[in-house]
Amino acid sequence: MLKCPNRPRDAQNEGDTGGGYFDQDVSRKKLAHAIILHEYSLSIVDHVGFRNFVASLQPMFKMVSRNTIKNDIIKIFDNLKSQTSMLLEKVTSRIAITTDMWTSNSNKKGFMTITGHFTDDSWRLQSILRFAYVPAPHDKDALCGALVNSGKIDRFEEATRLVHCSCYKKLEYDCPTRWNSTYLMLRTTIKYKEVFNKLSLTDTNYKSYPTEEQWSNAEDVSDKLKLF
């Protein structure tokens, strides 16, 4: 905790302790929440104009790297997910599930929003929300598949954290209308080799783990497609 000489002593913001003190950790959380809320690119922390703006507001704030802020965002997600799990364990009522389609402003990809509605023991309406990527076309089969596969995505993400995988890219689909989709699919999948191995050991529903020969073939094909 460091004292900021330029802040008034009566400041009562969350980053203060009551006497005009600056808290680096609180400000980092505020930055992470802002990126989540407004869908800013992680690269915003590298923008010279943004860094100068923040420095003018609080010179003592040490700007973090994009990897650090990414980890901060993941911690926020893990914390909220844990809270949500504990909340759901206490639910005694039925849960109504609704879905809708949503398009990301940053990459223009389509996502299905899956919302669970229920009342808690105090008869307060609660809503739990998650997103599932849905590749085009968004027909009934694709939407149904995304809804069914949402649980599989959760298990995959959990395995990713357990093996401390450094890759956070979404798995790509092989799309007939995109000439480079096969390469993108293989390139990303290969980075998750250890995750798939973990799933083969822990998930009884996962029965399609590639052999070492298939992994080797995938790497060879990926290297050749990379040239194009």
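Predicted model: local features only at pLDDT ≥ 70, side-chain atom pairs only at ≥ 80, totals over all residues.

Start with helix α1, residues 24–38, and helix α3, residues 66–89: they pack at an angle of about 80°, and their axes are 9 Å apart. The two helices are therefore roughly perpendicular to each other, since 65 to 115 degrees counts as such.

Overall, the protein chain has seven helices and five strands, and 25% of its 228 residues are buried.

Now the rings. How many aromatic pairs does a search of the whole structure find? Five. One of them is Phe22 with Phe61: the ring centres are 6.4 Å apart and the planes sit at 85°, so this is an edge-to-face pair. Phe22 is in strand β2 and Phe61 is in the loop between α2 and α3, so the pair ties together parts 39 residues apart in sequence. Phe22 is buried at 6% relative accessibility, and Phe61 is buried at 13%.

Phe156 and Tyr192 are also edge-to-face, because their planes are at 65°; their centres lie 5.1 Å apart. Here Phe156 comes from helix α4 and Tyr192 from the loop between α5 and α6, 36 residues apart. Both are buried, Phe156 at 14% relative accessible area and Tyr192 at 3%. Ring pairs also join these two with Phe196, Tyr209 and Trp215 in a cluster.

Terms used. Residues numbered from 1 in each chain as written. Heavy atoms only, no water. Helix = DSSP H or I, 4+ residues; strand = E, 2+ residues; numbered from the N terminus. Buried < 20%, exposed > 50% of the residue type's maximum accessible area, 1.4 Å probe, protein only. Axes fitted to C-alpha atoms, helices over the stretch in contact; angles between N-to-C directions. Parallel < 35°, antiparallel > 145°, perpendicular 65-115°, else oblique. Phe/Tyr/Trp six-rings, centres within 6.5 Å; stacked < 30°, edge-to-face > 60°.
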